[in-house]
Amino acid sequence: MSIEIQENTKKKNNIKKYLDFTFENLQIEGYETVYKITNEKTNLLAIISIHDSTLGTALGGTRIAAYKSFDEALTDVLRLSKGMTYKSAMAEAGFGGGKSVIIIKDKKDVTEALLKSFGEAVNILEGKYICAEDMGCSTKEVMQIHKKTKYVVGLPHEKSSGNPSKFTAWGVFKGILATLKKLYGSTSIKGKKIAIQGMGSVSHYLIEHLFWHGAELIISDIDETKLKKFMNVAKIVKPEDIYKQECDIFVPCAIGGILNAETIKDLKCKAICGAANNQLLDDSHCQILKDKNILYSPDFVVNAGGLINVSFELEKMGYCPIKSRDRIDNIYTSLLEIFKIADENNITTNEAAIKLAQFKIKSGIGKRLEKLYFNHSEK
Ligand code: NAD
């Protein structure tokens, strides 16, 4: 059972039915394929967005959320899938950009039947999109999706790559080193003030690297239970005060959209380098940071460690964390290249990173030539 992925043309017949599923190609300009997927029997309402698969199969997490409207969910999945194209291109991970959302009304809607139904939908696309965990969709949910499809990565399985957080943290650490190099001509962390927003999975690993390298740490989280463990190694500040900290690097590791007109006016950092996705409320905020002489290390370059890690799970030889670690090290040189392009062209670092990603896509740099091996599903 498969459906042919249509190119983004104005075909009239853009609705296809498969058993109880309806796939509607929303034909969004600039996107290869965006499917609205419904299944009345299982109450599934999902969107799978394939932005660009020039460099490889579209890959990106599945977000499960109670959106206010279908349009809000669509805006989210479009933005996220485009971001995945650039993230993967910059990391030369050999994937295209994709993302999916499952729209729910309430958390209790997330049943095994719903997740399996989504898995069936992913399977119908026969590998044109590969899903993974994301907000609202942990490895527990991903395992349910996997019951109906092999097109999943990051499973807690000996032949898969598991939780990506420690690899993402390693990439952020490398990003911080590059950011310091640009600021001070040295990668030394000793005595540098580093303010981290959000003490979740990624920060949990990141703080270890920073502590042992001698950083002076400032941390915040809306969940106080996440802070207790670190009270002897870091200064704890209220969530709203993290922006006001005089520091060398501000490290956003919580949520998106936190770099906006309101927060930027409070910032007293010299640079920003963190894991959170979509830190800039919109791209224009990078110009405001530039005007304030705050160096911004683009999030989609800095936080690619998790993506790089899963890219090695689909190789013929099977998952290899050593290869992942070594490739993640490249985040250091990628960032320095981006800073150079931004300086030479007097553009923001975000613009420089997007231009470099677009150049890689156009030139086929990092394109995956080998077929994908879903080792976790091989008998
Ligand atoms: P997480 O959910 O484990 O941790 C996020 C933490 O941020 C939580 O402790 C939460 O309480 C806190 N938080 C939420 N809102 C906050 C606020 N306003 N102020 C302070 N703290 C707040 O998430 P994670 O896996 O550590 O990921 C962190 C960020 O990095 C997310 O934006 C995620 O999308 C992004 N990211 C994560 C990975 C990964 O491998 N986990 C990969 C790429 C990007």
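This is a predicted model: local features need pLDDT of at least 70, side-chain atom pairs count only at pLDDT 80 or more; totals for chains, interfaces and linings use all residues.
At the boundary between them, 18 residues of domain 1 are in contact with 21 residues of domain 2. The area that domain 1 and domain 2 bury between them amounts to about 1,700 Å², of which 71% lies on carbon and sulfur atoms. On the side of domain 1, the residues that lose the most area to domain 2 are Tyr86, Lys87 and Met90, which together account for 43% of what that side buries.

Polar interactions also cross this boundary, where five residue pairs, both members having pLDDT of 80 or more, are in polar contact between domain 1 and domain 2. Helix α1, formed by residues 70-91, gives the most to the side of domain 1 that touches domain 2, contributing ten residues. By residue class, that side of domain 1 consists of eleven nonpolar, three polar and four charged residues. Across the interface of domain 1 and domain 2, one salt bridge is found. Elsewhere in the listing of charged pairs, Lys360 forms a salt bridge with Glu92, and the closest N and O atoms of this pair are 2.6 Å apart.

A nitrogen atom of the ligand, in turn, is 3.2 Å from an N or O atom in the side chain of Ser165.

Side chains of opposite charge can pair when their charged atoms come close, and the structure as a whole holds 17 salt bridges. One of these is formed by Lys41 with Asp20, for which the closest N and O atoms are 3.7 Å apart. This pair links distant parts of the chain, 21 residues apart, with Lys41 in the loop between β3 (33-39) and β4 (44-52) and Asp20 in the loop between β1 (15-18) and β2 (21-25).

Note on methods:
Residues are numbered from 1 along each chain as its sequence is written. Side-chain values use heavy atoms; hydrogens and water are left out. Contact means heavy atoms within 4.5 Å. Buried area is the accessible area (1.4 Å probe) that two parts lose on being put together, summed over both. A salt bridge is a side-chain nitrogen of Lys or Arg within 4 Å of a carboxyl oxygen of Asp or Glu. A polar contact is a pair of N or O atoms within 3.5 Å; within protein, one must be able to donate a hydrogen and the other to accept it, and residues adjacent in sequence count only if both atoms are side-chain atoms. Helices (H or I, at least four residues) and strands (E, at least two) are DSSP runs, numbered from the N terminus. Ala, Val, Leu, Ile, Met, Phe, Trp, Tyr, Cys and Pro count as nonpolar, Asp, Glu, Lys and Arg as charged, and the others, Gly among them, as polar.
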